[in-house]
Amino acid sequence: MNDARETNEAGFGVYIHWPFCASKCPYCDFNSHVREHIDEARFATALRAEIDHFAAETKGRRVTSIFFGGGTPSLMAPETVAAAIDRVRRSWDTADDVEITLEANPSSAEAGRFKGYRDAGVNRLSLGVQALDDDALTFLGRAHDAAQARAALTMAQATFSRFSFDMIYARPRHTTADWLAELHDALALGGDHLSLYQLTLEPGTPFHARAARGELVVPDGDHAAALYEATQEALADAGLAAYEISNHARPGAQSRHNLTYWRAGDYVGIGPGAHGRLTVDGRTTALRQRRAPEAWLKDVETKGHGTTEREPVEPDARATEILMMGLRLTEGVPLARIKARSGLDFNEVVSSDRLAPLVDGGLLTLNDSHIGTTPAGRRVLDSVLAALLA
Ligand code: SF4
């Protein structure tokens, strides 16, 4: 695969981060902030300024996806979303089938804006449902209940041609039978894409502190594995096989934006704390925008951008990230991608001593053109990567 084809396959994405939430969920370590007052017009102007900044730097690229993430982008007025999409379209060539996703929470106020987002140009909604059980939603600190989640899903289905929703499983005392019942309930609500995450205890979150005090215990070991296996089987039976560790889709309904990340494509990150990867003449640069919303705003207003880190990614680090991202996918990683995007041959990156036991142990597959994970390998991907790349 030559460099140009590889670049086209991976796409070029624009990520736009809205850093505000109505309240902070106790498991969340995203760059999200609660503010009593937000000067949305000022932030909207700054987002457009940063779009201009990155468009000037990436002239000639063709945008294949735009993704509004957060935080809670469904707290943005549809006019703010429309203005950002319009600016992207004016600043870059955009693919005819450009995918434009917005993450939304199911509260009724946000669901009331769905038509406004569709009219703004959003063509895919990603709903943070998380659970279809009121007690679980209370435990997760979510502002919506199960009835609101169902109503939002019904409205999403009526409004958007494509929608996805997220759920969190492996909650405390979560039995396989309870989870499968909830999952079947979720599948009946439609959608061509589901993201299903095991609850993780991220350092610095209230859940992590509660777990450290012994007040919160999540399934681990065999039970977590059983939950994962049951999830894979139920979704495959429903026609939404996994295409990534936590993501399931009907054929053709995969998230193109996230595929750009996993296939090591380039993307710009607009807004507080957003990350980007840009490749010029075969050399990749990692970028990060200032995290604190007000500091980012001030930087954009004074300098035209909020970039605080801009580091070259050395070839061995680039090859490592290509493998770390690509091995999440069931399609695996073309060996040509490693050469095209890092300049290194596969055997310069991975030694046969490390590879052989993982292939023999049924965790990885390797042929002349691809390396990939088996289902067993994806279930323990962190250990596989540690053994492969350490
Ligand atoms: S709504 Fe999402 S981004 Fe906001 S605090 Fe909750 S999990 Fe974090």
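Ala 170 counts as buried at 0% relative accessibility, where buried means under 20% relative accessible area, exposed over 50% and partly exposed in between, with a 1.4 Å probe and protein chains only. The model is predicted, and local features need pLDDT of at least 70, side-chain atom pairs count only at pLDDT 80 or more, and totals for chains, interfaces and linings use all residues. Residues are numbered from 1 along each chain as its sequence is written, and side-chain values use heavy atoms, with hydrogens and water left out.

Ala 170 is found in the loop between strand S5 (162-169) and H8; helices (H or I, at least four residues) and strands (E, at least two) are DSSP runs numbered from the N terminus. The phi of Ala 170 is near 60°, a positive value in a residue other than glycine. Arg 173 lies in the loop between S5 and H8 and also has a positive phi near 60°. Arg 173, however, counts as exposed, at 76% relative accessibility.

Arg 173 is also among the residues that lie nearest the centre of the second largest pocket, together with Ala 136, Arg 171, Pro 172 and His 174. A pocket is defined on a 1 Å grid over the protein atoms alone, as an open set of points where a 1.4 Å probe fits, with protein on both sides within 12 Å along at least five of seven lines; lining residues have an atom within 4 Å of a point. The volume of this second largest pocket is about 330 Å³, taken as the space filled by probe spheres set on the points, with grid points joined across faces, edges and corners. Its lining comprises 14 residues. By class, the lining of the second largest pocket has eight charged, five nonpolar and one polar residue, with Ala, Val, Leu, Ile, Met, Phe, Trp, Tyr, Cys and Pro counted as nonpolar, Asp, Glu, Lys and Arg as charged, and the others, Gly among them, as polar.

Gly 71 lies in the loop between strand S2 (62-70) and helix H3 (78-91), and the peptide bond from Gly 70 to Gly 71 is cis, with omega near 20°. Gly 141 is found in the loop between H6 and helix H7 (146-159) and counts as partly exposed, at 27% relative accessibility. Not counting residues up to four places away in sequence, Gly 141 touches Ser 23, Cys 25 and Pro 26, contact meaning heavy atoms within 4.5 Å. Gly 141 and Phe 346 are 205 residues apart in sequence, with a C-alpha to C-alpha separation of 45 Å.

Strand S9 (residues 266-270) has five of its five residues buried, so the strand is largely enclosed by the rest of the structure. In a regular strand the side chains alternate between the two faces of the sheet. In S9 both faces are covered, with Asp 266, Val 268 and Ile 270 buried on one side and Tyr 267 and Gly 269 buried on the other. Strand S1 (residues 12-18) runs parallel to S9 and is joined to it by five bridges; two strands pair if DSSP finds at least two bridges between them. Within this pairing, Tyr 15 has Gly 269 of S9 as its bridge partner.

Ile 51, in helix H2 (residues 40-57), is buried, with a relative accessible area of 0%. Beyond its neighbours within four places in sequence, Ile 51 is in contact with Ile 16, Ala 84, Arg 87, Val 88, Ser 91, Trp 92 and Ile 270.

Strand S10 (residues 275-280) and strand S11 (residues 283-289) run antiparallel and are joined by six bridges, with His 275 opposite Arg 288 in S11. The hairpin of S10 and S11 has two residues between the strands, and Asp 281 there takes a positive phi near 50°.

Three strands form an open sheet in the order S13-S15-S14, with antiparallel pairing. Strand S13 (333-334) and strand S14 (364-366) stand at the edges, each with a single partner strand, so one side of each is left without a neighbour in the sheet. Two bridges join S13 to strand S15 (residues 370-373), and Val 333 has Ile 371 as its bridge partner in S15.
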